[in-house]
Amino acid sequence: MKLFLFFIIGAFSLSLTAQNSASQTTFLKDISYKIVEKDTVKLDIHLPKQKVFDKSPVVVFIHGGAWAQGDKEIKYHYTEGIKDTLQQNGYTVVAINYRLVSKTIDIAEQLSDCKDAMRWIVDHADKYNFDTENIGLWGESAGAHLSLMIAYTAEKSNDLPKIRFVLDNFGPIDLNQVLKTNASWFTKTTYKLLLPGLYDIREKLIYAMTSFDINKNKEEAIAVARHYSPIELLENAPKTPILILHGTRDFIVPFKQSKKLHKELNKLAVTNKLIKVKKGNHGFTKTNKKEIHDLIKETFVFVQQHYYKPTFN
């Protein structure tokens, strides 16, 4: 009996060791991709759990947090499900941090960080077996906004890879509307009563993002917010395929933002799909497991559809 228990415990220990080893080989944490003065900006690499492609396609994950908070850790139920599905099917997920807005960091600096992460991926493609012909972007909330901005401005930089698709999870596309830069007295009062937390950070966030005080330099703040609004870039932007997931009860980034993006993309004949998550809140934390499963499936199907397969004569 003792021998049997020893065998079981030993086998279990070996199993745990194997699992931990597998986890270590597929998860590379806190890799520095940029150093600015005293700031070290890092990323995580979630390598494929199965070899499906000669070189692994890459999906770059950009976290949310109102541009002012958040982290690259993929920990929410639906994001974890998407990441795991991609890894199991031969994809690499690179989750990046970027410097958060502050008195010294504005939205231009954040976009610069994200683009530098893309350059790092290209420069280290051989080391990690990345397929630089197959890079897509995936962002949630503020991260979705940054993903769209990268996709719509990448062609202006010769050293950035072509973006094959964007997975837009409830991202803001009109910063002036989201930040309420032109809000009336009634709108301000309503927000102050219903969402006091958001109201309190509104002015600080506008200043941090645009470098202008909304009370003293309103026109300048509005102009900067417009400049960094994806909806303003659509007409001259690359026709990057976009999958949009958005909840109808999102009170942080209103559903009408994604509805407007969907409508404008259709006008321009850009491949896109809007999935309306009924009663879904910001982050889908109240969405049931079946619906989450469907969102994960829809996301993976979209990624597979836009995986670039070169043709040879």
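Author: Apart from neighbours within four places in sequence, Leu 233 is in contact with Met 149, Tyr 152, Thr 153 and His 227; contact here means heavy atoms within 4.5 Å. The model is a predicted one, in which local features need pLDDT of at least 70 and side-chain atom pairs count only at pLDDT 80 or more, while totals for chains, interfaces and linings use all residues. Residues are numbered from 1 along each chain as its sequence is written, and side-chain values use heavy atoms, with hydrogens and water left out.

Leu 233 sits in the loop that runs between helix H9 (218-227) and strand E7 (242-247). Helices (H or I, at least four residues) and strands (E, at least two) are DSSP runs, numbered from the N terminus. Thr 153 is 80 residues away from Leu 233 along the chain, yet their C-alpha atoms are separated by 8.5 Å. Is Leu 233 buried, partly exposed or exposed? With a relative accessible area of 21%, Leu 233 is partly exposed. The terms are set with a 1.4 Å probe and protein chains only: buried is under 20% relative accessible area, exposed is over 50%, and partly exposed is in between.

Helix H5 (residues 142-153) also holds His 145. This histidine is buried, at a relative accessible area of 0%. When residues up to four places away in sequence are not counted, His 145 touches Trp 67, Ile 107, Gly 171, Pro 172, Leu 175, Tyr 228 and Pro 230.

Next, the protein as a whole. It contains 11 helices and eight strands. Of its 313 residues, 49% count as buried. Taking contacts between residues at least 6 apart in sequence, 75% join residues at least 24 apart. Accessible areas come from the Shrake-Rupley method with a 1.4 Å probe, and for residues only the protein chains shown count as cover.

Charged pairs come next. Side chains of opposite charge can pair when their charged atoms come close. The structure holds 14 salt bridges, each being a side-chain nitrogen of Lys or Arg within 4 Å of a carboxyl oxygen of Asp or Glu. One of them joins the side chains of Lys 34 and Asp 116, at 2.7 Å from N to O. Lys 34 belongs to strand E1 and Asp 116 to helix H3 (residues 107-123), so this pair ties together parts that are 82 residues apart in sequence. Lys 34 is buried, at 13% relative accessible area, and Asp 116 is partly exposed, at 21%.

Another salt bridge is formed by Asp 174 and Lys 260, whose closest N and O atoms are 3.8 Å apart. Asp 174 is in the loop between strand E6 (163-169) and helix H6 (175-179), and Lys 260 is in helix H10, so the pair ties together parts 86 residues apart in sequence. Asp 174 is buried, with 10% relative accessible area, whereas Lys 260 counts as partly exposed at 32%.

A further bridge connects Lys 273 with Glu 298, their closest N and O atoms being 2.8 Å apart. Lys 273 is in strand E8 and Glu 298 in helix H11 (residues 289-305), so that pair links distant parts of the chain, 25 residues apart. Salt bridges that share partners also join Lys 34, Arg 99, Glu 109, Asp 113, Asp 116, Arg 119 and Asp 159 into one network.

Helix H10 (residues 255-267) also carries Lys 259. That lysine is exposed, at a relative accessible area of 53%. Together, Lys 259, Lys 263, Lys 276 and Lys 278 form a positive surface patch. Patches are made of residues with over 30% relative accessible area and no salt bridge; like charges are joined within 9 Å, and nonpolar side chains (Val, Leu, Ile, Met, Phe, Trp, Tyr) within 5 Å. Lys and Arg count as positive and Asp and Glu as negative, with His and the chain ends not counted. A charge is placed at NZ of Lys, CZ of Arg, CG of Asp or CD of Glu.

Between H10 and strand E8 (272-277) there is a loop that includes Ala 269. Its phi is near 60 degrees, a positive value in a residue other than glycine. Ala 269 counts as exposed, at 60% relative accessibility.
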